[in-house]
Amino acid sequence: MHALDVLGDPVRRRILELLADDGELSAGEIGAAVQQEFGISQPAVSQHLRVLREHGFATVRPEGRRRLYAVDARGPAEARDWLTPFERFWLPRLDALGTELARGRRQRRLAAERPSAPDPAPDLDPAPDPGSRSDIQDPHDTSGIAPAGRPAPPTKET
């Protein structure tokens, strides 16, 4: 059985996660956790532990009446070796993501270190509102100035 076939089973992956988190667990502790999550029997858990042991993913050592399991580095190393040629598909993207995250952290740090500028003095002649329409002439405007490209309206002299 190939290393990825061993990892293909969700129960075995969960057992490895438990072992990686806790370092070493008894067969009873593993069985209780896996039985609760997956609803499988203790003999089924024992079969999964046997597969992990036989394919280099777990080690076992007796301690009195208990059997203690731990992760064996050989199995994960075999899976990693098989996946290594494919890293070129995701490692450059992860590197680029790391660069962008670092750039964002740097920009936030520099912005926090920069003293805040005082508010500028209010402009006495404010610029026109960019949302206003300057091409519409006010009917009450008698200045005779028309928007560009249009003739000035006739003015009535009184």
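This is a predicted model: local features need pLDDT of at least 70, side-chain atom pairs count only at pLDDT 80 or more; totals for chains, interfaces and linings use all residues.
Figure 1. Two elements, α5 (74-83) and α6 (91-113), each give two or more residues to the patch. The largest contribution is that of α6, with four residues. Phe86 belongs to the loop between α5 and α6. With a relative accessibility of 33%, Phe86 counts as partly exposed.

**Figure 2. Aromatic pair of Trp82 and Phe86.** The count of aromatic pairs comes to one. Its members are Trp82 and Phe86, whose ring centres lie 5.2 Å apart. The ring planes of Trp82 and Phe86 stand at 35°, so the pair is classed as tilted; the stacked class would need planes under 30 degrees apart, and the edge-to-face class planes over 60. Trp82 is partly exposed at 42% relative accessibility, and Phe86 is partly exposed at 33%.

Figure 3. The protein contains six helices and three strands. Read from the N terminus, the order of elements is α-α-β-α-α-β-β-α-α. Of the 158 residues in the protein, 18% are buried. The three strands form an open sheet with the order β1-β3-β2 and antiparallel pairing. β1 (24-26) and β2 (58-63) are the edge strands; each has a single partner strand, so one side of each has no neighbour in the sheet. On average, neighbouring strands of the sheet are turned by 30° against each other, direction ignored.

**Figure 4. Strand pairing around β3.** The pairing of β1 with β3 (residues 66-71) is antiparallel and consists of three bridges. β2 and β3 are also antiparallel, and six bridges join them. Which residue of β3 is the bridge partner of Glu24? It is Ala70. Ala70 is likewise the bridge partner of Thr59. The hairpin of β2 and β3 has two residues between the strands, and Gly64 in this hairpin takes a positive phi near 65°.

Figure 5. The side chains of Arg61 and Glu24 form a salt bridge with an N to O distance of 2.9 Å. This pair links distant parts of the chain, with Arg61 in strand β2 and Glu24 in strand β1, 37 residues apart. Arg61 is partly exposed, at a relative accessible area of 36%. Glu24 is partly exposed as well, at 33%. The bridge is one of 10 salt bridges in the structure.

Figure 6. Glu63 and Arg66 form a salt bridge in which the closest N and O atoms are 3.7 Å apart. Glu63 has a relative accessible area of 38% and is partly exposed; Arg66 is partly exposed at 42%. A further salt bridge joins Arg109 to Glu113, with the closest N and O atoms 3.6 Å apart. Both Arg109 and Glu113 are in helix α6, where four residues, about one turn of the helix, separate their positions. Is Glu113 buried or exposed? Its relative accessible area is 55%, so Glu113 counts as exposed, the cut-off being over 50%. Arg109, at 44%, is partly exposed. Elsewhere, salt bridges that share partners join Glu24, Arg61, Glu63 and Arg66 into one network.

Figure 7. Val71 is placed in strand β3 and is partly exposed, with 36% relative accessibility. The C-alpha atoms of Val71 and Gly23 are separated by 7.3 Å, although the two residues are 48 residues apart along the chain. His2 lies in the segment before α1 (3-7). At 29% relative accessibility, His2 is partly exposed.

Note on methods:
Residues are numbered from 1 along each chain as its sequence is written. Side-chain values use heavy atoms; hydrogens and water are left out. Two strands pair if DSSP finds at least two bridges between them. Axes are lines fitted to C-alpha atoms, for helices over the stretch in contact, and angles run from 0 to 180 degrees between N-to-C directions. Rings of Phe, Tyr and Trp (its six-membered ring) pair if their centres lie within 6.5 Å; planes under 30 degrees apart count as stacked, over 60 as edge-to-face and the rest as tilted. Buried means under 20% relative accessible area, exposed over 50%, partly exposed in between (1.4 Å probe, protein chains only). A salt bridge is a side-chain nitrogen of Lys or Arg within 4 Å of a carboxyl oxygen of Asp or Glu.
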